[in-house]
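Please read these notes with the model open beside you.

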Amino acid sequence: MARKLDQILVIDVESTCWDGPPPSGETSEIIEIGLCPLDVASLSRSSKHSILVAPKLSSISGFCTELTTLTPDMFAGAGALSDAVRRLKKEFESKDRAWASWGDYDRRQFERCCHTTDVGYPFGPTHLNVKSWFAVTMGLPHEVGLDTACQKIGIEMEGTHHRGDDDAWNIAGVLGQLLQNSRSPLS
């Protein structure tokens, strides 16, 4: 259970990817952690962060660059996953806060990448799957993409889709709207 409920850390990861199966000996790994803290009391988004993670087990393909706009040269000064995890824990107190993502991919990718690289998992047990929650809240028969969700509730997507910080910002906007809609005025 989250010990601090002042913020929800909205996370979106970008990972190495290919147009088809990965090349022999390569595996998908986190290369960007986008983060947008959502203030629980005001439901406001005040900042967004992009933490680049240098790939160790794969390379950034042309397909990956086309999808994310992340190029290999952008990672010249990037740290390892262990550096990013340390920053999440220290700067954002990620172990003590609830966190959210669009779907379950981000949670599973973190678990897998942390296990593969023997890095401690940076989050506590409280994870909100905003994609599922959105579908259930809206009475949809299936989950939808972030762009469709934004359209359905009248939020214009900001930034570049498939960049971690911009997607985290937009997910936090959707989550804030869902939370706002669920709150009733106190009598």
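1. Arg97 is buried, with a relative accessible area of 6%; buried means under 20%, exposed over 50% and partly exposed in between, using a 1.4 Å probe and protein chains only. Arg97 lies in strand E4, residues 97-101.

2. This is a predicted model, in which local features need pLDDT of at least 70 and side-chain atom pairs count only at pLDDT 80 or more, while totals for chains, interfaces and linings use all residues. Residues are numbered from 1 along each chain as its sequence is written, and side-chain values use heavy atoms, without hydrogens and water.

3. What does the side chain of Arg97 reach at 2.8 Å? The backbone oxygen of Phe92. A polar contact, also of 2.8 Å, joins the side chains of Arg97 and Asp6.

4. Neighbours within four places in sequence aside, Arg97 is in contact (heavy atoms within 4.5 Å) with residues including Ala2, Lys4, Leu9 and Thr126.

5. Helix H2 (residues 81-92) packs with helix H3 (residues 105-117) at an angle of about 125°, and their axes are 11 Å apart. H2 and H3 are therefore oblique to each other; angles under 35 degrees count as roughly parallel, over 145 as roughly antiparallel, 65 to 115 as roughly perpendicular and the rest as oblique.

6. On the H2 side, Leu81, Val85 and Leu88 meet Phe110, Cys113, Cys114 and Thr117 of H3. By class, this contact of H2 with H3 has six nonpolar residues, one polar and no charged.

Key
Axes fitted to C-alpha atoms, helices over the stretch in contact; angles between N-to-C directions. Helix = DSSP H or I, 4+ residues; strand = E, 2+ residues; numbered from the N terminus. Nonpolar A, V, L, I, M, F, W, Y, C, P; charged D, E, K, R; others polar. Polar contact = N/O pair within 3.5 Å; in protein donor to acceptor, adjacent residues only side chain to side chain.
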